[in-house]
Amino acid sequence: MLSVLLLTLWLAGAVNAISPTAPPYKVLTGLPSRFGNTFTPDTAIVSNGCILPERNGGKDSVTNGVWEGEVFVDSWPFTVTICTQLPDMIKLSFTLERQQITQCYDETVDINVNSGVPYPCRNLVFCNGTKLGMLTVEVSCDSNACPENNFRVFMEASFPASSVELVSNVVTTNPIIGEPVTIVARLQDTSGANIKPIKVVSAVMKIIQGDGSVITEVMNILLNNTIIGKYIPAWSDQQKEQIIDVINHQVDMIVGFMTVFGDDPPHRFRTVTHVILSAFESILQHKKPTIAGPWAHPFTNSEMVKFTVPVRLLKSCQGHNYRYYTEVWATDANGTSKAVCWISGLTDIQLDNSTSGSDDKYTDGHFDIEMDTNWMILAESMFPIHLRNFSIEETNGFVELVKADIMEVDHAPDLLKWTATKRPDDVKITREMTEGYSPHRYEFGQANSGKLLLVHGYCSAGEAFPTDQFTNYAVFKDFEQSRRVDEFARLIDEYAKSQDINAYSIVAHSQGGMAALHLLTYYHTGLDLTTDGGRRIQTVGTPWQGTPVMGMAVDIAAQLRFGCGDNPDFSVGTASRWLNRIPWIKQQEVYYYTTESGSMSGPCQMATEMLLDGPNDGVAEKKRSQLPGGKSMDHKVGECHLAGMTYPDQCYNAERNSEMNKNAAR
C-alpha cells in the first residue's frame, strides 16, 4: 500500500487505475564492473516564497465571505498568485503596513502544471515599491457571484529578488508506513559572497492524513539553526488502495542581522513543498532463495539456472508487480568469493498452492530469476552462489520494501558438481545474456518497417507535438489522465499493438519520456525492433529527476477540484528512486532536449517560479532535467514547457522537430 506526503498540499484525488496488458519482462544482467553504478541525485528543494496557510473562504472564514492572509514583503518586485473556482468574480484588497498598494500587472491566467489541463488563477505583480513590511491580502466574493458565499482559495507569494531562501531535504530515502520520515531544512541568506544561516524562531509541519485528520508537528531547531522534523506515515484499514497524507511545512523566522530591516527585525515565513511517497510493507522475504538447473534454454540453447525467491505477499496487493535487484557472487578455485554479475528487472509474484504459511493478511508466493551460466564462465567461478545487495521495490513509488546485504542460497545438489564447458574467451556477450529471451524478436524479427510514436505527458489535454512536422508517425492518445510510470509504459506498447505497429521509436514530451525509458528498460516490445540505426527515444522537457512543481499540481487540483489529481512518480524523491536503478546502458539510448525562459519577459510561469530553483521551463528545472547517462542534445533559451506560458511551447520548435523526425529509428 502507498502513502503520499505532500508538504503544503491538501488531500488529492487517487490516480486512475487500469490494467493494461503487460508485455514480457526483460531480465537485465550485466558485468560486475557496474556494481554501485547508481545515481545519487540532489533532492533538496529551494524556496524563496510561501504558500499562505488559510484555505477556505465564505462560511469557514472569521468574517463571512472574506478570506484574509498575511505575508511579509522583504523585496520588490514580488508576485501574488491566487487560484479560485471563479478568478474573475473575486474582489482583492492589498494593504502593506496599513497603506493600500496597487499591482502594476493583473491578469487572469490558466496555470499549467505539467499538463494541458489548466487551473484558473490570477497573477498580480507589484513592481516599483520600496516599502517593506507585513502585507495583508483580503479576498472576497459577493453572494450573487459565489452561491452561499462559500469559495475555496489557493494563494502563494513569490519574492524572486529576495536573498532569503528555505532549503529542505527528505533524508529518508525509503519511506515506510509506520517508520519515521526525517526532513532536514535550513533557512539561509544568499546576499553575500558566502551563504549565511538565518536564525529560526519556529518551524511547523501541518499534516493532513488520508482520512482527513490533521496533525501538527513542531520541528526541532538545533543550535546551528538546522531544522529537523520527523513524521510517521500512518496506516488506516479503511484505505484500501492508497493513503494520501499531506504536510504543510513552513518556517517562521527572524532576520536579525540584515540591516535593511533596522533594529526591529520582521516576522515572516517561507514554505517548501515535498512529495513523499511512503509504502506499506506489502511484501516480505522470509526464507532463503533456492537455485536449480542447469538446463538448456529451448530457443537460445544457453545453459541456464533459476533462482526462486520465496516471499510473503499482502493479500490485498495481489496483482501488483515489483522491481528487484541483486548482485551474484560465486566461488573461485581457491574458495574465495568472486563477483559474477548483477541482475535486475520487474516481476510478478506467483502465489503458492500451499497455504501453510498464510494468515489473515499475508499469503505465500515466490518469483523466479533466470541467469545464463556464461556469466559464471566469464567470471571463472563455480558454485556455490550467494546474493548481495538484494532488494525488492514496489513499482508504485519505487520504495525499497526488502533489503539484504548478503543472502545465502540453497543449491540443488547437481549444481555443486557443475563445471564450465568452455573458456571465458569463447563467451560472447549477447543480447539474450543481457536482457533475456525476447519472444518479440523471434516472432517479428528485426526487418520490420517501423513507425515513430508521438507521446504526450501527464494529464495532457491533447496532442503534444504538431503532427504536420513529422512523417510516418502515429499519435499515442491517453488524454487528461494521471498514469504511474509503469502503467504509462505499458499503455504505450498496448497502443502500438492495437495499431499493428511491430517496431517503433518514440518522441515524447515531459513524463512521456520517463515512460518511454521505463518501457525500453524493463519490457520486450517493438521499441527494441527498429533496425535502421536511428534514435529509439527522443524527449523534450522531461523532468528525469522530478520536479518540485508536482506538489503545486496536487494542491491546486485538490483545493479547486481541477486537473487529474496526484502523481508522485515525477516528484523529486520518487523520480530519483526510479532513476537510481535504470542501467546506464539504457539511459545512453535517450536523446533529450531541454529549454528555459528568456531574459526579456520574465519567467515562463510566475506561479511556479517560487518552487523552482535556477533556470527552468515553468515546470521542469534545468538541473533536474538532466539524464546522467543520456545524450543531451540542446538547451534552448526562450521556450516554455507548455502553450500559454510567457514564451513559445517547447514542443512546437519546427527545427528541433525536423531533427527528431529525421533521426528517429523506424
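Is F398 buried or exposed? F398 is buried, with a relative accessible area of 0% (buried means under 20% and exposed over 50%, with partly exposed in between, for a 1.4 Å probe and protein chains only). The model is predicted: local features need pLDDT of at least 70, side-chain atom pairs count only at pLDDT 80 or more, and totals for chains, interfaces and linings use all residues. Residues are numbered from 1 along each chain as its sequence is written, and side-chain values use heavy atoms, with hydrogens and water left out.

View A. F398, a residue other than glycine, has phi near 55° and sits in the loop between strand 30 and strand 31 (400–408). Helices (H or I, at least four residues) and strands (E, at least two) are DSSP runs, numbered from the N terminus. S510 also has a positive phi, about 55°, without being a glycine. The loop between strand 35 (504–509) and helix 5 holds S510, which is buried at 2% relative accessibility.

View B. The bond from W76 to P77 is cis, with omega near -10°; P77 belongs to the loop between strand 5 (66–73) and strand 6 (78–83). From F383 to P384 the peptide bond is cis, with omega near 15°, and P384 is part of strand 30 (residues 382–394).

**View C. Crossing of helix 4 and helix 5.** The axes of helix 4 (residues 485–498) and helix 5 (residues 511–522) come within 8 Å and cross at roughly 75°. Axes are lines fitted to C-alpha atoms, for helices over the stretch in contact, and angles run from 0 to 180 degrees between N-to-C directions.
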